[in-house]
Amino acid sequence: MDKVAPGAAGEAASAMAAAAQAAAEAAAANGPMFGVLDIVLLAGMAGFGIYWVYFRGSSKAQPPPSKGYTMQPTLIAPKANENSFITKMKASGKNIVVFYGSQTGTAEEFALRLVKEAARYGMKALYPADPEECEMEELSKLSEINNSLVIFCMATYGEGDPTDNASAFYEWLKTEEPDLTGVNYAVFGLGNKTYEHFNSMGKFFDKRLEELGATRVVEAGVGDDDGNMEEDFLTWKDSLWPAVLDFFGLEMNLQEISMRQYRLETPDVPSEKLFTGEIARLRAYQTQRPPFDAKNPFLAQVTAWRELHKGGERSCMHIELDISNSKLRYDAGDHVAVYPVNDPVLVNRFGELLSVDLDTPISLINIDDQSTKKHPFPCPCTYRTALSHYLDITSNPRTHVLKELAEHTANFEEKQKLLMMASSSLEGKELYQQWVLQDNRSLLHILEDLPSCKPSLDLVCELLTRLQSRYYSISSSSKLHPESVHITAVLLKYTTPTGRINKGVATTWLASKKPESDQTTHQIPIFIRKSQFRLPARHQTPVIMIGPGTGVAPFRGFVQERLKAKNDGKPVGDTVLFFGCRKKNEDFLYEEEFQESINEGLLTLHTAFSREEPDKKVYVTHLLKEHGEYIWRILGEENGHLYVCGDARNMARDVHDIIIEICSKYGQMSASEAQAFVKKLETQRRYSADVWS
C-alpha cells in the first residue's frame, strides 16, 4: 500500500470528527433532519476513520512501498521486460541487434541473413527484431553492451513513407531527442528508383542516428528494386563485416556453422488444432471477431464478378466484396488488401519432386530461445497449408538460397552451377542475373531443372519467404456503396524465356472466385489500408484525374462520389478524367458508367487509344500536352487538385515531367520555378500519386 502523509491523515481525521459534530449540532437545532440513529452512524464512521488512519497496522511493521509501481486489479501479472531487446541481449550474451522495417518481407529476409552471417564472423546477433514489438526507447542503452552494434534494414513504402511496422519508431525518432552517444550503427535502405522519394527511410535513419550522437560503422547501403536489389545487398554486405571487424579491432575468423534457423517437429495433434490458412489466430476464419486488420482479416463474400474486357486475349475482372457485417470502413482512394492462395498445381509439384506427403502435420520451431518469432509462419499446419497459404513459391530465389540448395545437390555440375551463382564473383553474378532473374525461375523451377537437387521440404519451407497480401486501389465510393468494396484487376499471365507459363498468384486465385448459382459462395480474406489519396474536402474544388488502364480504378470511386454530391444538389467543380487503353472496343473500362456521368453533366472525359490505329499510337501524355492551358488554369488559377494512378516506371514519371513543362509554359516560369511550384503542389497534397512498378 502507498503511505499517506501524516499531515494528510490528520486533516482527514479532523474532517471526519467535524462532520460528526456538525451533524449532532444540526440534529439539535433541527430535530426532524437527523434522528438518533443517524448521529450514532456518523459518529461510528468518524471513529472508524480515526482508527484506520492512526492505529491500523501500528503493531506490525509495514513493507516498503513498491518502487515505481501501483497495484492494478489484474488477474494475471504481465511479464516483465518481454519487449526489452536490451534485456534479451544481456541475458544471451549477444552484442548485435538487427531491426527491420518491412512491408513485403524483403527487409525482414535481409535482416535474418545478417543475423546468420554474424555467427560466421564470431559475433552473436539477436534474431531480427520488429520495431513494433520492441521498446525502442531502449536504443540509448545499447552502449552498455561491449562492442555492440545495431543494424537497420529499412524499406521505404509508398510516397516516401515508413512501413507499417516501423511507423511508430520513425515518429518517435523524428520528434524525440534521445542521446545515442556510444551507439554504433549501420543502415541498409530498400527502395525503388522509379519513385520520387527513393530510399527516403534509409536516408532518414542514417542521417537521424548520426544527428543524435550515434556512430556510423559503415556507409549506408542503398538497394534498388527497379534494378537488382540482391546484388545491391550483397555488395553492401561484403563491405559491412570487414568494416565491423576493423571498427571493433577483431580478426577475421570465418566459422562453418549451420545456417538453419528452425528445427522440424511433426506433432501428433487433432485436425482442429492445425492452422489452415489463418494469419495469426487459430480458427479465426471459423469464429470471426472484429476489429479486422492485417493480422485478423475479414472473410468477405464475393457478391459480383464480371469481365470488363469486351474482346482480345486479356482479361480484367470487376469484383464486389460484401463487408456489411465487418464494421470495416473505407473512403474512395483507400486500398483493399487480399490474402491470396497459391496455385494447387504448383503446390502439388513440390510433393511430387521431393516425394513428400503434403498432408503431413509439421511445426518449424526457432532454435533461438530469445526470439519473439517462434515460427516462420503459423504452426502447426500441414506442408500443403504452408505451401498454399503462407509461402511465396513463385518468386525468384535469392543467392543465399542457391547456396543452401547446393548442399543438397548430388550432381557435381549442377552443384557447381548453384555455388557459382551464390558467389560474389562477376561470372557468378552474371549467371544469376541470366539464369534466375531474366529466365524468371522460381525455386520450384530450379528443382525441376536440376533433378539431383533434393533438399528436405522443411528446409524449402524455411528458405521460402512469406506470401504477402496484395493491395488494390478500391474502385468504389463508400458514399454510394457503404457495404461493399469493389476491385478492378487484370489477370496476369505470361510466357517466360524457358517456355513456362507464369500466372499472377492473386489474380489467378481471384479469377476462380466467380460465383456460380449451383456452388457455395466464395470468400476472400481482406483488410482495408488507409491512404492519403483523397478527394478535396470541398466538392467545388476542380479535379484532374490521370489513370490509364486499371489506374482508372480509384477514379471510378471519385466519380461516383462527386456524382452523388451533384445529385444531392451540392455544387461540384470541374471533374476531368484522362483515360487510356489499347482499343476502344476491347479494354475501355467502365465505358458505360463514365458515359452516364458525362450525360449527367459531371464528367469531362479525354481518351487515348494506343492500338486503335496501327500507325498512330496515342497515350494520355499526348492528351495532357494538348490540354496544357486548361490544366494550368485548374492548377495555377483555380487551386485545383491533380491525381495520377498507374505505372510508376514510365507513365507517372512522364506525367510529372509534362506537368512541370505545362506550369513553365503557361505559368510563365523558369524550369526551376516550375519544379518548385509542382513540389509545392505535392506538399499541399494537390498533386497526389497512387502508383506501382
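This is a predicted model: local features need pLDDT of at least 70, side-chain atom pairs count only at pLDDT 80 or more; totals for chains, interfaces and linings use all residues.
Pro-380 sits in the loop that runs between strand S12 (361-366) and strand S13 (381-382), where strands (E, at least two residues) and helices (H or I, at least four residues) are DSSP runs numbered from the N terminus. The peptide bond that joins Cys-379 and Pro-380 is cis, with omega of about 0°.

Residues are numbered from 1 along each chain as its sequence is written, and side-chain values use heavy atoms, with hydrogens and water left out.

The protein chain holds 22 helices and 23 strands. Of its 693 residues, 49% are buried, where buried means under 20% relative accessible area, exposed over 50% and partly exposed in between, with a 1.4 Å probe and protein chains only. Among the contacts with a separation of 6 or more, 75% are between residues 24 or more positions apart, a contact being heavy atoms within 4.5 Å.

Backbone geometry also deserves attention at Ser-355, a residue other than glycine whose phi is positive, near 55°. Ser-355 is found in the loop between helix H8 (344-354) and S12, and is exposed, with a relative accessible area of 69%.

Helix H20 (residues 628-637) has Gly-628, Ile-631, Trp-632, Ile-634 and Leu-635 as buried residues. These residues lie on the same side of H20 because they cover an arc of only 165° around the axis, the arc being that of the directions from the helix axis to the C-beta atoms. Facing away from that buried side are the exposed residues Glu-629 and Glu-637. The buried residues of H20 pack against strand S19 (543-546), strand S20 (575-581), helix H19 (620-626), strand S22 (641-647), helix H21 (648-666) and helix H22 (671-683). Just after H20, Asn-639 takes a positive phi of about 55°, in the loop between H20 and S22.

On a 1 Å grid over the protein atoms alone, a cavity is a set of points where a 1.4 Å probe fits but cannot get out, and its lining residues have an atom within 4 Å of a point; grid points are joined across faces, edges and corners, and a volume is the space filled by probe spheres set on the points. There are 2 cavities of 30 Å³ or more.

The largest cavity has a volume of about 100 Å³, and of the 14 residues that line it, Lys-88, Leu-126, Ala-129, Cys-134 and Thr-372 are the closest to its centre. Helix H3 (85-92) and strand S2 (125-129) each supply at least two residues of this lining, and S2 gives the largest share, 4 residues. Domain 1 (85-248) and domain 2 (263-280 + 341-463) each contribute at least three residues to the lining of the largest cavity, with domain bounds that come from an automatic or database domain assignment.

The second largest cavity, of about 60 Å³, has a lining that includes Asn-228, Glu-230, Leu-234, Met-421 and Tyr-432. Two or more residues of that lining come from each of helix H7 (229-248) and helix H12 (426-438), and here again domain 1 and domain 2 each provide at least three residues.

Methods. On a 1 Å grid over the protein atoms alone, a cavity is a set of points where a 1.4 Å probe fits but cannot get out, and a pocket is an open set with protein on both sides within 12 Å along at least five of seven lines; lining residues have an atom within 4 Å of a point.
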